[in-house]
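The sequence and structure are shown below.

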Amino acid sequence: QAIVVYTDREVHGAVGSRVTLHCSFWSSEWVSDDISFTWRYQPEGGRDAISIFHYAKGQPYIDEVGTFKERIQWVGDPRWKDGSIVIHNLDYSDNGTFTCDVKNPPDIVGKTSQVTLYVFEKVPTRYGVVLGAVIGGVLGVVLLLLLLFYVVRYCWLRRQAALQRRLSAMEKGKLHKPAKDSSKRGRQTPVLYAMLDHSRSTKAASEKKAKGLGESRKDKK
């Protein structure tokens with residue numbers, strides 16, 4: 001199968017800053033000791049592409065011609081199938097198309113991949129970044145509102161459950177109270193009758209005793 005090379009479609013950089021040109025690949029073969037990476041540059045509006053960097057036999061080689069000869073840095077790692085480079089001290093003249101070509105013998109057949117560099121005085125904010133931030137903010141607000149709703153609902157349900165338990169306890173207390181009162185009255189009634197009988201018998205005895213004393217006095221006279 002043919003080797004497949006991957007790069008970004010475009011990258012942005014500010015004047016005087018640096019930018020990383022990423023390059024990776026897929027190959028059906030193991031990474032060879034003879035693997036090579038080649039970067040070419042075609043200026044904006046130009047027709048011809050020039051070689052600006054080459055990696056082979058484990059060593060990076062920066063071409064001694066062109067405007068990038070002292071501004072390119074190798075940051076790739078073939079073991080991780082990475083052939084990235086960094087361009088320092090960007091300038092408007094660096095605008096153009098950069099091509100990454102990878103050979104991993106015996107897998108040497110495949111298409112190259114291109115990335116376009118745009119250099120600005122100040123890197124503009126991408127529309128996708130702004131849109132993603134807006135969407136993320138909206139989703140965050142929605143999640144916060146949902147969380148607040150569930151918290152309020154949980155508190156309300158918990159309060160309702162507590163009130164229901166209190167009402168149930170009060171109803172049970174009302175049902176038990178009359179039964180207790182009636183039992184107390186049932187126990188108190190015989191006591192009252194006993195007290196009445198005792199008072200009556202005491203009164204009758206005292207009257208009888210008084211009557212007996214009166215009769216004995218009469219007999220003495």
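C23 and C100 are both buried, where buried means under 20% relative accessible area, exposed over 50%, and partly exposed in between (1.4 Å probe, protein chains only). The model is predicted: local features need pLDDT of at least 70 and side-chain atom pairs count only at pLDDT 80 or more, while totals for chains, interfaces and linings use all residues. Residues are numbered from 1 along each chain as its sequence is written, and side-chain values use heavy atoms, with hydrogens and water left out.

**Cysteines**

- C23 and C100 form a disulfide with their sulfur atoms 1.9 Å apart; the term denotes a pair of cysteine sulfur atoms within 2.5 Å.
- Strands (E, at least two residues) and helices (H or I, at least four) are DSSP runs, numbered from the N terminus.
- Because the torsion about the S-S bond of C23 and C100 is about -75 degrees, the disulfide is left-handed.
- By the sulfur distance rule, the count is one disulfide.
- C155 is partly exposed, at a relative accessible area of 45%.

**Strand β1**

- β1 and β11 (residues 110-111) run parallel and are joined by two bridges; two strands pair if DSSP finds at least two bridges between them.
- K111 in β11 stands opposite V4.
- β1 and β4 run antiparallel, joined by three bridges, and F25 in β4 is the bridge partner of V5.
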